[in-house]
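Hi everyone, thanks for coming. Please bring up the model on your screens, and I'll walk you through a few places inside it.

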Amino acid sequence: MAARAGVRHEPPEYEVAIIGAGAGGICAGVKLKDIGVTDIVIIDRAPEMGGTWLFNTYPGVGADLPAVAYQFSFARKHDWSRIFAKGKEIQDYHLDIARHAGLYQKVRLNTDIVKEEWDEANHLWRLHVSDGTQITARFVISAVGAYLRPKDAPAIAGLERFGGEVMIPSRWNHDYDFTGKRVAIVGVGSSTVQIAPALAPLAAQLDVYQRTTQWYFPKPDMPMYWWMKLGLRIPGLAAALHGVALAGVEVGLRGLVYMPNWLMRLGSWPVDSGARTLYRGWLRYKVRDPRVRAKLVPGYGPGCTRGTLGGDYLPIFNRPNVELVSDPIARITEDAIVSADGTERPVDTLVLATGYEVFSDPESYREDTVIGADGFDLGKFFNSEGLQAYHSTAIAGLPNRWMMVGPYSWTGTAFHYILENAMRNINRAIDTARTRGATRTEVRLEAQQRFHRQVLRRGRNLAYYFSVHCAGSNTYFVNSHGDSPYVRPASLLQSRREGMNYPLDDYTYETLKDTDADSLAPIRRRGNRSRKLSGLLRESALP
């Protein structure tokens, strides 16, 4: 239904507002130019672009995927310093892309969006800023990423009483001297495996508190030698190497998704058992003390988490000043941690590596922060109905709005691939609306429900594995609803092909009646500016 004629409508400040200036926001800013969209604003509450790699600067921070995979296909870098890039280099890589693409002229930093509200009368979004101002845009892309907020206040009795230094990975105090300190790290995930090896040689005592065992795999890292960098300059070689890795993921995903359910139930047990046997051998190679090794053996399968590359982490438990504590924490005092067995361990410095609120948790979405058509509340919907979105990007009730990392979006690859895949889908939706002169487009509820049923049907094997084999793993692959909206049960080719070729009638299209041709001209106009930009980015020697 079109808006009533004869009423002048408020024009938006921007055609597209992108919320988030990390890798997702940068990717969106670049790829929107493929469809001729240049009237954009990128908004972030941080003082600089970069997202995760801006905030996480703790010792040893780096990627857990090889650099040739951990980059955008439109901006391949040939001279990474290591096989697995460090955080500073990744941050510089993203910022260089932003500079090459002219995105610094489009960004509004130190701007915290506290509420997104759809204005039906004017077919635009009102973005409420913490300082009381508003930003309006015809379309909105949420590019806030996968790991939304650090869990910096875990529910541990007495935490607020602790009188020593407290820090979390995303707010690291580089001025603090750990030399000779008694340090406790709470958590044993991806951050800890990088932080602990850096602190162990400095601390007088390092206690690592483990609630849930993890799988720690080898990390074949090394410097990127000159001949490797020279080879990556060969046109197409980096893409080919990445393609080989993606082909492996493709085969694995197809086998996992389409394997007969009876075979999945029958075969997963011996596979997990064999993996644990091999893992015990790996632990014997890395850790001398059998009592410590026993604490490090997971009681669940290797597919229950993304896995952590901890080749340098495990040997720290051979040091006399490092202890792995697997007893639960009972309470924290002013200068110590008391475990459930009554043992009190003195602490000068407390590192809370307790993870993040992730995109697949319904609790990550607060009520009254995203309000769509007819009062639709995204937080209420996700918390009551479960996480679901059409092709992981669009949600019925939220016109002109998409998510870059939404429910069922991870496909076993680097997030750069996922972000590009999302933008192919989002670009098609925006481009179709612009081509038709529409000022409002919204995915149909029946299309969203059809897609969700397909996801659940394809995900039967994953649901079985996560519910049966991952009991006690505390995996974020399974959320508080018992659902698994982190992983897309589809192959890479399927998710890409379906996201780019969905039926256009799965969306509705409306136009404000008094919007004249001149005002629509910039919206309909196309350009090849981004295609030229993408070529320049491919050819440029990004640092």
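**A buried cysteine and its partner**

Let's start at Cys 304, which counts as buried because its relative accessibility is 0%. Buried here means under 20% relative accessible area, with exposed over 50% and partly exposed in between, using a 1.4 Å probe and protein chains only.

Before going on, a word on the source: this is a predicted model, where local features need pLDDT of at least 70, side-chain atom pairs count only at pLDDT 80 or more, and totals for chains, interfaces and linings use all residues. Residues are numbered from 1 along each chain as its sequence is written, and side-chain values use heavy atoms, with hydrogens and water left out.

So what does Cys 304 form with Cys 470? The two form a disulfide, with their sulfur atoms 2.0 Å apart; the cut-off is a pair of cysteine sulfur atoms within 2.5 Å. A search of the whole structure finds one disulfide. Cys 304 sits in the loop between helix H8 (290–296) and strand E12 (308–309), and Cys 470 in the loop between helix H12 (460–469) and helix H13 (492–500), so the pair ties together parts 166 residues apart in sequence. Helices (H or I, at least four residues) and strands (E, at least two) are DSSP runs, numbered from the N terminus. The torsion about the S-S bond is about -90°, so this disulfide is left-handed. Cys 470 is buried too, at a relative accessible area of 5%.

Now to the nonpolar core, meaning buried Ala, Val, Leu, Ile, Met, Phe, Trp, Tyr and Cys residues joined through side-chain atoms within 4.5 Å. The largest one has 137 residues, and Leu 32, Leu 206, Tyr 313 and Met 404 have the most contacts inside it. Helix H10 (residues 415–435) brings the largest share of this core, nine residues. Apart from this core lies another, of 13 residues, including Ile 156 and Phe 162.

Take Leu 206: beyond its neighbours within four places in sequence, its contacts (heavy atoms within 4.5 Å) include Val 183, Ile 185 and Ile 316.

Where else does H10 turn up? In the lining of the largest cavity, where H10 gives the most, five residues. In all, 14 residues line this cavity, and His 391, Ile 418, Asn 421, Ala 422 and Arg 488 lie nearest its centre. A cavity is a set of points on a 1 Å grid over the protein atoms alone where a 1.4 Å probe fits but cannot get out, and lining residues have an atom within 4 Å of a point.

Methods
1 Å grid on protein atoms, 1.4 Å probe; cavity = no way out; pocket = protein on both sides within 12 Å on 5 of 7 lines; lining within 4 Å.
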